Amino acid sequence: MSVFVTGMGIISAIGNNVAENLSSLQERKSGIRKTKLTCHPQEIFAAPVNLSDDDLRNRFQVSNTPHSRTSLLGIAAVAEAWGHNKHLPGVRTAFIGSTSVGGMDKTEKYYRQVLEGNSADFSLVQTHDSGNTSEKIAHHFGIKGYINTLSTACSSAANALMLAARMLEHDHADRIVAGGSDPLTGFTISGFQSLMIYDEDWCKPFDENRNGLNLGEGAAYLVLENEKSISATGNKPLCLLKGWSNAADAYHQTASSPEGKGATLAMKNAIEKSGVALSDISYINAHGTGTKNNDLSESTALQNIFGKNIPPFSSTKAFTGHTLAAAGAIEAVYSVLSIVHQVLLPGLNYKTIMSETRLTPVTEYKHCDVNAVLSNSFGFGGNNTSLIFKKI
Amino acid sequence: MYYIQSSAYISHQDTFRKKGFSKNLSENISTLIKPDYKEFINPSLIRRMSEVLRMSVACGSAALKDAGVITADAIIAGTGLGCLMDTEKFLNNVITIQGGMLPPTSFIQSTHNTIAGQLSLALSCHSYNMTHTQNSLSFEYALSDAMLMLDEQSGNILAGAADEYIDPLQPVANHFGLNRFPLTSGAGFFVLSDKVSAHTQAVLADVLAINDSDENVCKDFLQRNQLSVPDLILTDGYRDDNLRQLRQNFSETPVIPYTPLCGTYATSSAFAMHLAIDILQEKTTHVSGSEIKQHRTALVINQLLPGHTGLILIKNHEA
């Protein structure tokens, strides 16, 4: 059974919808800037979404019940992805969300009140659990029944898309809205700083002098359907989700293995599952966080799979920042855009070739025949996921 | 068919590798009953692990051993609130320590998938590694994933759930009226396989998780399993009216509330599954005052959160 991508929605620092994201990629306009966020004491390079919680509430007519920013960003993305979809009898619709920190943006405020000994506003902590994030989004669109959330750090949304594809393939649902969202929080910014992998300048994925990541926030959701659903909804397929795999690196809780074992396994199995020939992969949207460790390990894994014939690749995290759980879905949207518009997407801030692997990422937005795209998402805990999107 | 080859669970009852524990359930559930973790976890790692990680790695390793399996073909975990101890520790540091570097250990162990990730490290397991977190239904969603995987490929899957108590939960539970029973911790892992073995303990017949359930959910579920009544029902028992209704609907079946036995946490239905597996292996037994004679099928009904229903149907191996 085929898995069709029929809708997508996105909100990130480079745009509040798909069209704005595409034009920022085309114009090589990054959403990362030096900024003082309310959730963190220092000025840092980060990629915030341009809309406040109130802006999002108003724009998407969100009810006045407690919502984390994670849910509000998700609602913005699903509103665009869901579009004119309707609930139809006989079309079993499910929702698979993902987030790494759930309602941490609100929990931080609650816990500050607790630690200061003030009377705490419990409505702030009501949205803490990750499951709440998905329920709030799904309910906004009247989706009921199967509402699930995956949380595997930075590979979360890629896993949500993979689970959706597996469920469609085994006829557990007909139409699934899947993706992920994460807000900028003091918790995650301080966390990556504590690991000393937060770049104090612009991140430089796949550059010899890369020095860490910049965080961003956002959400992206895709609508995936089987044939039966498409014949009922009349939705036009954008492309196929054709291959997927998750593998554990089992090397270290946060660092990737130097030989890229988990990443290699994930790519190899996803490509095998897709039945796509290596030579048909036209573009790779890499995980490419800009940390010393990830980009070297991922480059090695690319060499393990493709040898000397590595397809054009880039990391779009220099545009959006690393959006953690959302990254896999944001980059899935970019992968679909690469197929729909037949373009290679550029990386930014690349100057010097990495001495160990000597690979050069794509640096210009350029037209090209795109048959299939490989998208990588790797997370803490050695959680590696690869997805293959293919032209119809 | 999905066979349950082993079941290892740590809780506020004496559950860990205690076959027949269902006959000796205690009314006192004030403390977590821990095994000697050194038997299952490299001692140099124990010190840095929070309780939820210790419980999970011990149960995952024990479940594999008890199933006679060397490695897992997938590790799938459910957790409602994740690694709370490390999350709270790092959050506390973020708020109270201004300037200067914070120690990173609690941050890197704060993500929900640290549980399944640490298991992959401890077991050197490179296969599929997943974490489901859907509050009270996290375990049921993890089980459905495991069953889907066994439909895709043959193998042995380590599936389970874990949640841990931390003190800052208490005022939140008090505020939202979730304090009828003690807040507790619990974790457990099960080896599920598509093939029967000498270790097989029970059959996992069906699982359902549904976030917006109606009153027919149990009836519909039993119907799709060609069953009119199960021989035994284990249910959260959090709300008296719910419990009364169930006892009315299933007047011939012993209905055992499990929250009074294990306390309150998001994935307590995994405790109930462990309990059901133990009961199904006994000939005749008494559990919480109910005599259970004929027991070939057990239904776990989890309605800990209103409107959310998790259903797990277990059959005894010979049934």
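Let's start inside chain A, where Ile96(A) stands opposite Ala178(A) in strand E6; strands here are DSSP runs of at least two residues (E), helices runs of at least four (H or I), numbered from the N terminus. This is a predicted model, in which local features need pLDDT of at least 70 and side-chain atom pairs count only at pLDDT 80 or more, while totals for chains, interfaces and linings use all residues. Residues are numbered from 1 along each chain as its sequence is written, and chains are lettered from A and ligands numbered from 1 in the order in which they are written.

E6(A) pairs in the parallel sense with strand E4 (residues 93–98) of chain A over four bridges, pairing being at least two DSSP bridges between two strands. It runs antiparallel to strand E8 (residues 218–225) of chain A, with eight bridges, and there Gly180(A) has Ala220(A) as its bridge partner. Because eight of the eight residues of E6(A) are buried, the strand is largely enclosed by the rest of the structure; buried means 20 or more other C-beta atoms within 10 Å of a residue's own, with C-beta atoms placed from the backbone.

Now over to chain B, whose mean pLDDT (the predictor's confidence in each residue, from 0 to 100) is 95. An automatic or database assignment divides chain B into domain 1 (2–193) and domain 2 (203–316). Their contact takes 45 residues from domain 1 of chain B and 35 from domain 2 of chain B, counting residues whose C-beta atoms, placed from the backbone, lie within 7 Å. On the domain 1 side, H6(B) gives the largest share, seven residues.

Methods:
Two residues are in contact if their C-beta atoms, placed from the backbone, lie within 7 Å. A residue is buried if 20 or more other C-beta atoms lie within 10 Å of its own, exposed if 12 or fewer, and partly exposed in between; C-beta atoms are placed from the backbone.
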